[in-house]
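The sequence and coordinates come first.

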Amino acid sequence: MKTTGKVLFFNSNEGSGIIITEQKTKHNFSVQFWDDFDVMPVTGLEVAFDELDGNIENIVSKETFESEIQEEAQEEITAVEEEELSEVQINEPLLESKSLAEETTMEVESIPNLDDVVSPNEISAAHFESEIENSEADVEAKLEKE
């Protein structure tokens, strides 16, 4: 966890300075522990750093630290969104298949009399003849209505 503070003093000739925290603790630092390449240490700069055994390391400006946190949060959000999207894409074909199955449900309008049928060829012919008879009956019924 990063601790925040301000550069109380910085000597650019020596590359060393003092950081004071909100709890009024003072820490000596040198530029060898400065990890912010966009912002250089100056007196009054707000900073964030790691404190290990009374020493401070990984010093960056507070602005850089907050920017890094926002980038990490955005990356996490993006990763979660991509994971959710991949789950949706995996599940969508199942939903499409189900709706396709529901759409292709057919009702049987007529069942041919297959009692006297012996071979598969006769089944096709019997079914075809039955369909023609039913179609002719439908056409005649429509014509009578008109």
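## Salt bridges and core

Lys 62 has a relative accessible area of 22% and therefore counts as partly exposed; buried means under 20%, exposed over 50%, and partly exposed in between, with a 1.4 Å probe and protein chains only. The model is predicted, so local features need pLDDT of at least 70 and side-chain atom pairs pLDDT 80 or more, while totals for chains, interfaces and linings use all residues. Residues are numbered from 1 along each chain as its sequence is written, and side-chain values use heavy atoms, without hydrogens and water.

Two salt bridges are found in a search of the whole structure (a side-chain nitrogen of Lys or Arg within 4 Å of a carboxyl oxygen of Asp or Glu).

| Salt bridge | Closest N and O atoms |
|---|---|
| Lys 2 with Asp 50 | 3.6 Å |
| Glu 46 with Lys 62 | 3.4 Å |

Glu 46 in strand 4 and Lys 62 in helix 1 (residues 62-103) are 16 residues apart. Helices (H or I, at least four residues) and strands (E, at least two) are DSSP runs numbered from the N terminus. Glu 46 is partly exposed at 38% relative accessibility. Asp 50 counts as buried because its relative accessibility is 19%, and Lys 2 is partly exposed at 22%.

The largest nonpolar core has ten residues, including Phe 10, Phe 29 and Trp 34; such a core is a set of buried Ala, Val, Leu, Ile, Met, Phe, Trp, Tyr and Cys residues joined through side-chain atoms within 4.5 Å. Strand 1 (3-11), strand 4 (46-52) and strand 5 (55-61) each supply at least two of its residues.
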